[in-house]
Amino acid sequence: MDILVEFKLVLIPIVVFLVVYAAITFELVNKAVAAMSGVSVLVLLHVVGEHQAVELIDMETIMLLTGMMIIVSILRLSGFFTIVSVKIAEVTQGSPTRILVLFSIVTALMSAFLDNVTTVLIIIPIIIELTRGMGLDPKKYVLSQALISNIGGTATLIGDPPNIIIGSKVGLTFNQFMFNLAPLVVIVFIIILFALWISNRDEYKPINTNLTKLLTVQLLMEKIRFEFMNIRIDRSMMHKGLMCLFLAIALFMTQTITKLAPGVVALSVAMLLFIISKADVEYVLEEVEWSTLMFFAGLFILVGVLEETGVIEWIAHHVFVKVGDNPYIAVLMVLWVSGIISGFLDNIPFTITMIPIIHLMLETNPIPNNILWWALAFGACFGGNITMIGSSANIVSIGIAKKHGVNISFMDFMKTGAWVTFISLSLASIYLTFFLWMSL
Amino acid sequence: MSNQDQMIMDGLFRDLVEVVSSSKASLITLRCLSEAIDQLDCSPDDLVTQIDGATEVILKSRPRMFPLDNQIPLFQMKLRESGITGDGNKIKLEAKKILGELSNQLKEDLLILTQRSTEYIEDGDIIIIHSVEETVEMLLPEAKRAGKNFEVLILKQDIVKTRQVIKTMDREGIKYRIIPEYDLVHYFNEATKLFIGAQAITSDKKVVADSGTSNIVSECHIHKLPIYLFALTLEFSGKIAEEQNIYLKKQSDFVGDLEFKIQSHSHDIFQLDLVDLLITEKGEIAIEQVLDYVPLNDD
């Protein structure tokens, strides 16, 4: 009887979790369907009760994601992102180096304060249009923006899903993320951008010595203006959307004073924006990525069940805690293991799985100043750059490129992504080691 | 100049004339060429070669772009006649000055054409249009501002072009109805005129116009609906229709699960004598007199 109970309580959640993980990794079914199917199996087999399952969902994360998705949707509806894209295109004046640098700066900033997928959805089509129209190879530019979006997203609590999860589940503030992650992200951004430029410097030669190319660029700008500016611009909605975005960021930054959790802030500001902008609620809600929210909710339940059954504790003790008491080894191991695994598996379930493991690691080896959490954040976010399946932004970028006739293979991506990740993780190793040395 | 440069430029021109008239596309190109010359960084000797290279690409465009195809040789001729050599800045200034003059001349011609053309709209007219041409951009808005009471029937064809026409009508507050092009036969009892523009009027007395124009003109001709063609004399070509470099596009398309290859031409060609009235900035021109007005006649 005991064996049967143990089978039901331990083995079933492990098998379900592994099957769901495999289904997500190999894209056998939609990610949200995979996660929720796993939850259904656990509830149907009475491994977990339905009310208990709901309690395992981290509502803070779901609220933060929902709120930010609504704010971004309303901003997109207002035409704000179109204006930004066209303005950058104009400022570049067709200079290949300026295209790389300016688009990268905007991509990094947008990824840090909005979300990566929205950023690449906006940036990639216009960069393809611009570079192809100039007779340049769009592939390098698409790759660079996908990679930069993952680097930029690492800087803040709201920039990348792993950070949102870590922030909400661990209770770290927006400012803690900014002050601890952003300085390294800025350094990584500059070095990677320079490396991307130097590795293809022939591609980025100036065009102002060729009149035909200059004429082409001028005509291209006209075409882009016509095509992209032909959409409806709602300035009133745009101003209100931007005001609410800044309000949300200000409230994130003053979290220690207001005591308002980021999820509460994001959702409240989103509702305020709905009221003041009079945006079409039905339309905006259709733009919210409900499947992503379902995916998060499902994973929280699956990992929560594993945690309750002691499986997570077992992994923590037998894999991570076994490395010993040396804090440097623990930090670097979390960083590199997270980085490499996130390159090949979805970093969202990986982060959700790692959170209880790191809690257990901290119980046996209390590393100060949240350094282990920063190692997880750097690893999960930077690691997403190794392969084209490493992050949602990569998958979306490759998809848009393909739709525009630019084919980027798995190996094409990895040839650049692997060394970009290696440099990023190496810089993170130096930064975290120094940080730890200062903290001990 | 490489084949790739030519292909890119051709594609840009074709995209541009999808959303603006050929006259506006020419104005844009003249302005772009002027700005490009301003930004160019090269030796004075190389400057002339570069200008020749860029203008050659424009002249070889598929299809030929009018009025540009007449303006560029004028630009080349005036620049040569200026006799400036050796000083890059002076050559640049002269080139920009000539481009500015050509641009102003074109604007003036368009203004005169617009003013002349409003006479051809009467109160109660129901005018058929289908594409983004000078008539849509300038004539109809001008007639509306002049207080003429008319209605427009927009023939829905290519969605990009139709969208642009609708946007202009909305912006100018012109009353309109949209009908599918294939439905035109049901409207001949109420439509009073067909207004069209031209990409070029060729030396063999044919009209190169936006895709779909030929069908509409033929149908209107059969139903004896007056056809008004508004064009600048700068759009008169010294070359025959076959030499207008009309582009044949081949692409994949699909309907449901059926994928197929489709090919289409960038522009239509039809006989000029199907047109009832040819109105230019110089007034009404009889079909047989067209050759007299060609700005740069090859013969």
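**Exercise 1. Decide whether S149(A) is buried or exposed, and find which residues it touches.**

S149(A) has a relative accessible area of 0%, so it is buried, where buried means under 20% relative accessible area, exposed over 50% and partly exposed in between, with a 1.4 Å probe and protein chains only. This serine belongs to helix α8 of chain A, a helix being a DSSP run of H or I with at least four residues, a strand a run of E with at least two, both numbered from the N terminus. Leaving aside neighbours within four places in sequence, S149(A) is in contact (heavy atoms within 4.5 Å) with T107(A), S111(A), N116(A), V120(A) and A393(A).

The model is predicted, so local features need pLDDT of at least 70 and side-chain atom pairs count only at pLDDT 80 or more, while totals for chains, interfaces and linings use all residues. Residues are numbered from 1 along each chain as its sequence is written, chains are lettered from A and ligands numbered from 1 in the order in which they are written, and side-chain values use heavy atoms, with hydrogens and water left out.

**Exercise 2. Place D160(A) in chain A and describe its surroundings.**

Begin with the position: D160(A) lies in the loop between α8 (138-153) and α9 (161-170) of chain A. Next comes its accessibility, and D160(A) counts as buried because its relative accessibility is 5%. Then list the contacts: not counting residues up to four places away in sequence, D160(A) touches N116(A), N150(A), G153(A) and C381(A). Finally, take a distance: the C-alpha atoms of D160(A) and F274(A) are separated by 24 Å, and these residues are 114 apart along the chain.

**Exercise 3. Describe chain A as a whole, from its secondary structure to its burial.**

Start with the secondary structure of chain A, which comes to 22 helices and zero strands. Its radius of gyration is 22 Å, close to the 22 Å that the globule rule gives for 440 residues, so chain A is as compact as a globular protein of that length; the radius is taken over C-alpha atoms, and the rule is 2.2 Å times the number of residues to the power 0.38. Along the principal axes, the C-alpha trace of chain A spans about 80 × 50 × 45 Å. As for burial, 57% of the 440 residues of chain A count as buried. Lastly, among contacts in chain A between residues at least 6 apart in sequence, 81% join residues at least 24 apart.
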